[in-house]
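The sequence and structure come first.

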Amino acid sequence: MQAKKRYLILLSAGVCLILLFYFAGLQVRATRNPNRRENHSRNGFHAGPGQTWPHFSDYLQPFIPWDQLENEDYNAHISPKQKRDANASIYKGKRCRMESCFDFSICKKNGFKVYTYPQQKGEKISESYQNILSAIETSRFYTSDPSQACLFVLSLDTLDRDLLSPQYVHSLKTKVQNLHLWNNGRNHLIFNLYSGTWPDYTEDLGFDIGQSMLAKASIGTENFRPNFDVSIPLFSKDHPRTGGDRGYLKFNTVPPFRKYMLVFKGKRYLTGIGSDTRNALYHVHNAEDVVLLTTCKHGKDWQKHKDARCDKDNAEYDKYDYREMLHNATFCLAPRGRRLGSFRFLEALQAACVPVMLSNGWELPFSEVIDWNTAAVIGDERLLLQIPSTVRSIHQDKILALRQQTQFLWEAYFSSVEKIVLTTLEIIQDRIFKHISRNSLLWNSHPGALFALPQYSAYLGDFPFYYADLGIKPSTKFTAVIHAVTPLVSQSQPILKLLVAVSKSQYCAQIIVLWNCDKPLPAKHRWPPTSVPVIVIEGENKIMGSRFQPYDTILTDAVLSLDEDTVLSTTEVDFAFTVWQSFPERIVGYPARSHFWDSNKERWGYTSKWTNDYSMVLTGAAIYHRYYHYLYTNYLPASLKNMVDQLANCEDILMNFLVSAVTKLPPIKVTQKKQYKETMMGQSTRASRWADPDHFAQRQTCMNKFANWFGTMPLIHSQMRLDPVLFKDQVSILRKKYRDIERL
C-alpha cells in the first residue's frame with residue numbers, strides 16, 4: 001500500500017514537470033518573435049493561433065464618475081513627468097526664487113518702497129482691487145517715485161482671471177508687456193484671487209507673469225514657489241478695506257464645547273472638479289452634533305444635473321441658519337470648492353470656530369510665517385470618515401488654545417484687505433532684509449508682526465509685549481520727558497516744581513526737557529538743582545508730534561510723559577511707575593477721558609466729564625513704553641501726524657488710539673487728586689488753549705478722523721482704577737506705603 005502511494009506521487013510530479021516545460025517553451029517562442037503580426041478583437045484579446053491565454057492591452061481604469069477624470073488626484077493614468085510638464089506650462093518662471101528672479105540692490109539702496117502704476121483711463125478696476133491699491137498707497141511703504149521703488153504693483157486688475165467672470169480684463173498679456181517698467185516681471189508683485197475657468201480651473205492667469213511674484217489665493221503646493229510667492233486667503237468683495245470687525249469670541253468658556261461639534265453649510269457641485277469631497281459629506285452628517293449641509297440649488301442649470309439626493313439635501317439645508325451654526329460650533333469644516341480655497345476659511349476664523357481643513361494640496365495663507373497647527377486642524381480629503389472621531393479626541397485644553405489663536409490671527413492678519421496686503425508686504429520685506437527679519441514668535445503671538453517692527457530692535461526684550469515669554473521684567477527706572485511750550489520767566493512756574501518732584505523719585509533715571517518754545521533756551525543756572533541728569537533738547541520744528549520722537553537719549557524702557565503745567569507729587573509718580581511695571585504694554589497714568597457714540601450726529605464724541613468709565617489716559621501725565629515713540633513716528637501715516645501738528649492738538653488722543661489698536665486693551669488709570677494741572681497761569685498760553693472752545697471742538701474732529709483711518713474704533717472703555725493697598729482703609733497712616741496720596 002505504501003509503495004503504491006509512492007508511485008502515484010512520482011507519476012504526478014512527472015506530469016507536472018512535463019506541463020511546466022511545455023508552457024515555458026510556448027512563452028519563450030512567443031518572446032523570440034516580437035515582430036509577429038497579431039489580430040486584435042474589439043474586447044482586447046490577442047487572437048493568434050499559437051496563443052492559449054487572452055492578453056489585455058489596456059490597464060483597467062478606476063471606477064470613478066466621468067466628471068472627476070480631470071481631477072489630478074484621480075489621474076492615475078497620467079505619468080509624473082506629464083504632470084510636471086503640465087504644471088510647468090502654467091508658469092514659465094516655475095524655478096524662480098528670490099536669489100534668481102529678484103534684484104536686491106535697489107531695495108538695499110532705497111529701502112523697502114512700493115510703487116503702484118498710475119491707473120490708465122478706461123481700464124475697469126474691481127472694488128476689491130481698488131482696496132488693495134488703496135491699502136498700499138496709504139501705507140508707510142508707498143512711494144510715487146518709481147526710481148525709489150523696490151517693489152512694483154500693477155494698476156491693471158489681475159484679481160479675477162476667470163474667462164467667464166464679468167471682472168475679467170481682456171488683452172492683459174499685451175497691456176502688461178507694454179508697461180515700460182515691466183522688465184519681464186522682475187521685482188513685480190501680482191495679486192490674484194481667481195484663476196482658470198470651468199471645467200478644470202487651472203492656476204493659469206492667462207498671461208506670462210515672467211519673473212514676478214504672485215500673491216495668490218487657492219494656490220496649490222505643486223505650483224507654489226517657496227520663499228517667492230505668497231499664499232493669501234480668498235476674501236469676498238464685501239471684505240472691509242480697513243479695520244474690520246473683531247473676532248466673535250467675547251469670553252472663554254470652560255469646557256470650550258458648543259452646541260455643535262462640527263458644522264458646514266455650502267454648495268455641492270454635481271459635476272466638475274471639486275465635487276468629490278462635498279458629495280461625500282452626507283456620510284458623516286448625523287443631524288445632531290455633526291451637521292454638514294450641502295445644496296445643489298445653485299447655478300442656472302442645476303436641475304439638469306440634479307441627482308437623487310438633491311431634493312432631500314435642499315430641504316435639510318433650508319432648516320438651519322448659517323450664522324447660528326457658525327457661532328455655536330466648536331469646529332467648522334472648510335472643504336475645497338471649485339478651487340482649493342473657500343470663503344468658509346475666514347468665516348470660521350472670525351467666529352472662533354476652529355477650521356478643519358479638507359483641501360489636499362492647498363498652500364495655506366501666509367504659511368511661510370504662520371504656524372497653522374496652532375489654530376486649525378489639517379485633515380485629509382481621503383480620510384473624511386475619520387474626521388468626526390479625530391475632532392472628538394482633541395482635548396478641551398487644546399480646543400481652547402486653538403480657539404484663542406483663531407482670534408489672534410483673524411485680528412492681526414485677516415480682518416481687512418489692508419491687513420492682508422500689509423502682511424504680504426511685510427513677508428517680502430523680511431525676505432529682503434533677512435538680518436532684521438521677524439522670528440516665528442513675533443508672527444504667531446500677540447500683537448503680531450504688523451505692530452512689531454524689526455527695524456526697532458532684533459531683541460524681543462526691547463518690545464513691551466514679550467517680557468512674560470522671555471521670563472524677564474522691564475527696567476526698574478524711567479525717563480521723564482517734559483514738553484515745554486512757554487518761556488521760563490519766573491522761578492515759581494509749575495515746570496520747575498515738576499522737575500524737583502520728579503527728580504526725587506527713586507525710579508527716575510533722567511529728565512528730558514523738550515523745549516518747543518519760541519523763546520531761546522534759558523541759562524543753565526535758571527534750572528533747579530536735581531539729583532538726576534536733566535537734558536534739554538530744543539525742538540527743531542516746534543511741533544506737537546516732536547514729544548513722541550524716538551530720541552536716542554531715552555535709555556530706559558519706561559517713559560513718563562508730562563506737560564509743563566502738570567502737578568504731581570513724588571509719591572504719585574512712584575506709585576504710577578510701580579503699576580506700569582505690571583502692565584508694561586499699556587498706558588498708565590492720571591488724567592482720564594472717554595469717548596461715546598453720538599447717535600443724533602452719527603459720529604464719535606469726546607468728553608472730559610468725570611464718569612464711571614474712561615477709555616483714554618492723557619499723555620500729559622502718563623507712563624508708557626518707549627517703543628510707542630518709535631511706532632508713533634514710523635507706523636502712523638503722515639496725514640494724521642500732520643493734522644496733529646497743524647492743530648497743535650490731539651497728539652495724546654492719537655497715542656491712545658495707537659496703543660489700544662496694538663494691545664486691544666484699555667489704558668489704566670491710577671489714583672490721584674482731581675486737579676492735575678495748574679489753573680493760575682496768567683502768563684501761560686497753555687492755559688488759554690485749554691480754555692479755548694475751539695480746542696474741544698478740534699478734539700471731536702480728531703476722534704472721527706482717527707477712527708476713519710483705523711477703520712474702526714480701537715478705544716476700549718474700562719471701569720478699573722488702581723489704588724494703593726490700604727488706600728482709604730481705616731488703619732494707621734504709618735502702615736501705608738503711599739500715604740501722601742491720601743493727603744493730596
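## The parallel sheet

Five strands form an open sheet of 5 strands in the order β9-β8-β10-β11-β12, and the pairing is parallel. At its edges are β9 and β12, each of which pairs on one side only. Helices (H or I, at least four residues) and strands (E, at least two) are DSSP runs, numbered from the N terminus; two strands pair if DSSP finds at least two bridges between them. In general, strands of a sheet pair through backbone hydrogen bonds, either parallel or antiparallel.

Phe264 has Leu292 of β9 as its bridge partner.

## Basis of the model

The model is predicted: local features need pLDDT of at least 70, side-chain atom pairs count only at pLDDT 80 or more, and totals for chains, interfaces and linings use all residues. Residues are numbered from 1 along each chain as its sequence is written, and side-chain values use heavy atoms, with hydrogens and water left out.

## Burial of edge strand β9

Although β9 is an edge strand, 6 of the 6 residues in this strand (residues 290-295) are buried. Buried means under 20% relative accessible area, exposed over 50%, and partly exposed in between (1.4 Å probe, protein chains only). Val290, Leu292 and Thr294 point one way from β9, while Val291, Leu293 and Thr295 point the other way; all are buried. In a regular strand the side chains alternate between the two faces of the sheet.

## Overall composition and helix α5

The protein has 24 helices and 23 strands. Of its 744 residues, 52% count as buried. Among contacts with a separation of 6 or more, 74% are between residues 24 or more positions apart; a contact means heavy atoms within 4.5 Å.

Helix α5 (residues 127-137) is mostly covered, with 8 of its 11 residues buried. The buried residues in α5 are Ser128, Tyr129, Asn131, Ile132, Leu133, Ser134, Ala135 and Ile136. Their cover includes β1 (114-116), β2 (151-153), β4 (188-192) and α14.

## Salt bridges

The whole structure contains 22 salt bridges, where a salt bridge is a side-chain nitrogen of Lys or Arg within 4 Å of a carboxyl oxygen of Asp or Glu. Asp229 and Arg225 form one at 2.7 Å, N to O, and both of these residues are buried. A network of salt bridges links Arg140, Glu426, Asp430 and Arg438.

Lys259 and Glu324 form another, at 3.7 Å, N to O. This pair links distant parts of the chain, 65 residues apart: Lys259 is in the loop between β7 (230-231) and β8, and Glu324 is in helix α10 (residues 322-327). Lys259 is exposed, at a relative accessible area of 56%, whereas Glu324 is partly exposed, at 29%.

The salt bridge between Arg431 and Glu368 is 2.5 Å, N to O. It also links distant parts of the chain, with Arg431 in helix α14 (residues 417-432) and Glu368 in the loop between β11 (354-358) and β12 (377-378), 63 residues apart. Arg431 is buried, with a relative accessible area of 6%, while Glu368 counts as partly exposed at 33%.

Asp598 lies in strand β18 (residues 592-598). Asp598 is buried yet has no salt bridge, and the nearest side chain of opposite charge, Lys601, is 4.6 Å away. For charge, Lys and Arg count as positive and Asp and Glu as negative; His and the chain ends are not counted. A polar atom of the Asp598 side chain lies 3.3 Å from the backbone nitrogen of Lys601.

## Confidence

The mean pLDDT of the protein is 85, and 86% of its residues reach 70 or more; pLDDT is the predictor's confidence in each residue, from 0 to 100. Over residues 26-78 the pLDDT stays under 50, and the model has 40 contacts beyond four places in sequence for this stretch. Residues 678-688 also have pLDDT below 50, with 18 contacts in the model beyond near neighbours in sequence. Where pLDDT is low, the predicted coordinates should not be read in detail.

Definitions and conventions
Polar contact = N/O pair within 3.5 Å; in protein donor to acceptor, adjacent residues only side chain to side chain.
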